[in-house]
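The points are grouped by topic.

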Amino acid sequence: MTSPARIVLIALVGVPLLVAVPWIGTPVVVQFGINMLLMATLAQGWNIIGGYTGYSSFGNSVFFGLGAYGVGIAMAQFDQPFWAGLGLGLLLAVGFALVIGLPVLRLKGHYFAIATLGLAEVVTAIVSNIPIAGQNVGLVLPLLKSDVLFYELALGLLLLSTLVVFWLSRSRFGLGLIAIRENEEAAAAMGVCTTRYKILAFMLSAALTSLAGGINAYYITFIDPAGAFDITLNVKMIIMAVFGGPGTVLGPVAGALLLSLVSEILSSKVTNIAGFFFGAVIIAAVVLMPRGLSDLIRQFRGTGWRYFLQNIRDHRL
Amino acid sequence: MFRTLITLGFLACTSLTWADTLTLGASVQLTGPVANTGRYYKDAYEFAVERINASGGITVGGVHHTLALKLLDNQSDVNLSVRQYVQLLSEDKVNLLLGPFASNFVLADSAISEKFQVPMVQGGGASDQIYSRGYRYIFGTLPPASNYFGTTIDTLLKLTPKPSRIALLYADDAFDVSVAQGARAQLSQAGFQTVIDERYTSNTSDFTSLLSRIKSSAVEVVLVAGHETEALNFIRQAKSLSVSPKLYAFTVGVPSADFRQALGNDANYAGGMTAWLPSKSLKDAWFGDAEQFARAYQAKYGYEPDYHAASGVATVEALVRAIEAANSLDPKKVRDALAQVNFPSLYGQISFGATGQISLPQTMIQVQNGKVVAIYGPGGFLGKLQYPMPAWGKR
């Protein structure tokens, strides 16, 4: 079966099942679903800039936070509806990606990663001083007692981001991004306008990430700078995307699903030492399957268990 | 037939044990960045439940119940703590809720108690925002942030000669900003002149420029709302620059043993506050009094309890009192009873205002010869304030 056909099949079976979760699952499953779907969206958003374009962004948590503040400011300060807040957050994040992308996307590799790492700190400091954003005190949002709505919104957003990435994987634009990842000079020589492509990819990534931030803000009902621009969230998206397989359509979603599930089971069953186990899972994954789940699935049929040994040997561990 | 009887017997047994246990649920920071304070709540909850069971548990509707505790570790992650409270209510079927530590956690988790309409009594969040949302199912045993310096300012008013030039310094986090807002209003109402009103970055280690300003503008009293490490740095740098106002007072740090150990003799004269002191005058139905509680706690867990621990115990006691008063386990009835509770405890007199928050005055304290001495409480002076403090060279 070809890859697009398989994706369509997975979608036909999986999507109706996911939509029905609030009616067949317990409240805990729904809560977990909301967090997991939003996490998968973040991983998918990171996938566009990190996986396809090859720029490891540590600035995506800023987009998440701006999305959250869009909703927070619109709802808590101006009594606007949630949708207006999502729009405001989207504008803030995409605008920020454009303005900041122009200078930082000139950097490559570690330099790009470090420059974006600084962004979260800078934006936290700025937001902490803006009265309309509640400064350090944060903003309190109204309570909505419908978890079904949050769940379906998160699911819809994940579907949207996956469709975007699916389109990306087959479009001229997406191929241009892959060309940039593989060799930026060669891509430029072949006629890819690298600056425009990179900035568009950054803005697209920002758009999806900010929507997830907006939904999360309304769901948690409270935002403050430290929580909204939390850098560990960015680390999580990278871990999930890389675990699943960066630069693939379903890899980040599968990675987020699997890792969230493992982390959730650990934290509710062996509650005290969950962090330790989760760390062990990550280390094992990096050592045994550094190219992610999707590569594992593709190669495992041919090589069997030797796949893991081969990886250890290849990376001289 | 025989098999049916056995099954029935089992059913009866299980339903009996079910009816006999009353479970309180909480998700607390046992690991992660704030686990160091989270442990106070774990230990306090466990200690209180153990002690209440040892003295006969609780009787509801004529049926005797023992308390059980279901504790989960939220790894200092807000999202996880929200999920865990949902799990506690919907899967573990706990009867009532105890709170996590820290205001941002309480803000998110109180949305769950509100959604499920099960009361949560929490002793870990003091931010005024928790109570500004009109939630009906959240109750708290930490006094409002905006009144933290209230007693200190009352003390200043009683001093002769009365100081006039005050500096107010505060860290830029949510809690300390609220503390400063309250203090600013109280200072101007009391007629003090706030010559320096300055916000600094949390976890800053450099107070030299602020200290120079304090020296040059002849400040008499410095009020600092911040964190323990900042208080330590402030005092060390004040010594090295030999800046000695007539008094300085801090929101946190001063009551803890670590603080006095870290500074040695330099800790002397530092003013501070505590919502709780382990004194004999605080009577308690289960622990005798606060002093006995502190001794038993120290013996059991190997460290001194502070106000976090006492506040945690008070939340368990408040729930127990409310259940007794409601004579029911119905969350809505317990909620209404909570709004009415009024009883003395090792933490202080427990009763909740209209918004659900306790109103408990701080006690002003001062380190004198390496010991914490209570200076001023709601009833007036409890001890003599060493004022003004001597210059650094004359100690």
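**The six-stranded sheet of chain B**

In this predicted model, chain B contains an open sheet of six strands with mixed pairing, ordered β2-β3-β1-β4-β5-β6. The sheet ends at β2 (58-60) and β6 (138-140) of chain B, the edge strands, each of which pairs on one side only.

- Strand β5 (residues 120-122) of chain B pairs with β6(B) in the parallel sense, and three bridges connect them.
- Within this pairing, M120(B) has I138(B) in β6(B) as its bridge partner.
- Helix α4 (residues 103-116) of chain B packs on the sheet and touches β4 (96-98), β5 and β6 of chain B.
- The direction of α4(B) makes about 160 degrees with that of β5(B).

**Strands β9 and β10 of chain B**

- Strand β9 (residues 221-225) of chain B runs parallel to β10(B), to which four bridges join it.
- V221(B) is placed opposite L247(B) of β10(B).
- In regular strands, side chains alternate between the two faces of the sheet.
- From strand β10 (residues 247-250) of chain B, L247(B) and A249(B) point one way, while Y248(B) and F250(B) point the other way.
- All of these β10(B) residues are buried.

**The contact between chains A and B**

- Chain A contributes 25 residues to the contact and chain B contributes 28 residues.
- On the side of chain A that touches chain B, α2, α12 (251-269) and α13 (274-288) of chain A each supply at least two residues.
- The largest share of that side comes from α2(A), with five residues.
- By residue class, the side of chain A that touches chain B comprises nine nonpolar, 14 polar and two charged residues.

**Helix α2 of chain A against helix α3 of chain B**

- Helix α2 (residues 27-52) of chain A and helix α3 (residues 78-90) of chain B have axes that come within 8 Å and cross at roughly 165 degrees.
- Because this angle is over 145 degrees, α2(A) is roughly antiparallel to α3(B).
- The crossing in which α2(A) passes α3(B) is right-handed.
- On the α2(A) side the contact is formed by P27(A), V28(A), Q31(A), F32(A) and N35(A), which meet N79(B), V82(B), R83(B), V86(B), Q87(B) and S90(B) of α3(B).
- Five nonpolar, five polar and one charged residue make up this contact of α2(A) with α3(B).

**Helices α7 and α9 of chain A**

- Helix α7 (residues 172-182) of chain A packs with helix α9 (residues 194-220) of chain A at an angle of about 105 degrees, and their axes are 10 Å apart.
- That angle makes α7(A) roughly perpendicular to α9(A).
- F173(A), G176(A), L177(A) and I180(A) of α7(A) form the contact with T194(A), Y197(A), K198(A) and A201(A) of α9(A).
- The residues of this contact divide into five nonpolar, two polar and one charged.

**Residue A54 of chain B**

- A54(B) belongs to helix α2 (residues 35-54) of chain B.
- A54(B) counts as exposed because it has 9 C-beta neighbours inside 10 Å, where the cut-off for exposed is 12 or fewer.
- Between A54(B) and Y376(B) the sequence separation is 322 residues, and their C-alpha atoms are 36 Å apart in space.

Technical notes:
Residues are numbered from 1 along each chain as its sequence is written. Chains are lettered from A and ligands numbered from 1 in the order in which they are written. This is a predicted model: local features need pLDDT of at least 70, side-chain atom pairs count only at pLDDT 80 or more; totals for chains, interfaces and linings use all residues. Axes are lines fitted to C-alpha atoms, for helices over the stretch in contact, and angles run from 0 to 180 degrees between N-to-C directions. Angles under 35 degrees count as roughly parallel, over 145 as roughly antiparallel, 65 to 115 as roughly perpendicular and the rest as oblique. A crossing is left-handed if the near helix is turned anticlockwise from the far one by less than a right angle, and right-handed if clockwise. Two residues are in contact if their C-beta atoms, placed from the backbone, lie within 7 Å. Ala, Val, Leu, Ile, Met, Phe, Trp, Tyr, Cys and Pro count as nonpolar, Asp, Glu, Lys and Arg as charged, and the others, Gly among them, as polar. Two strands pair if DSSP finds at least two bridges between them. A residue is buried if 20 or more other C-beta atoms lie within 10 Å of its own, exposed if 12 or fewer, and partly exposed in between; C-beta atoms are placed from the backbone.
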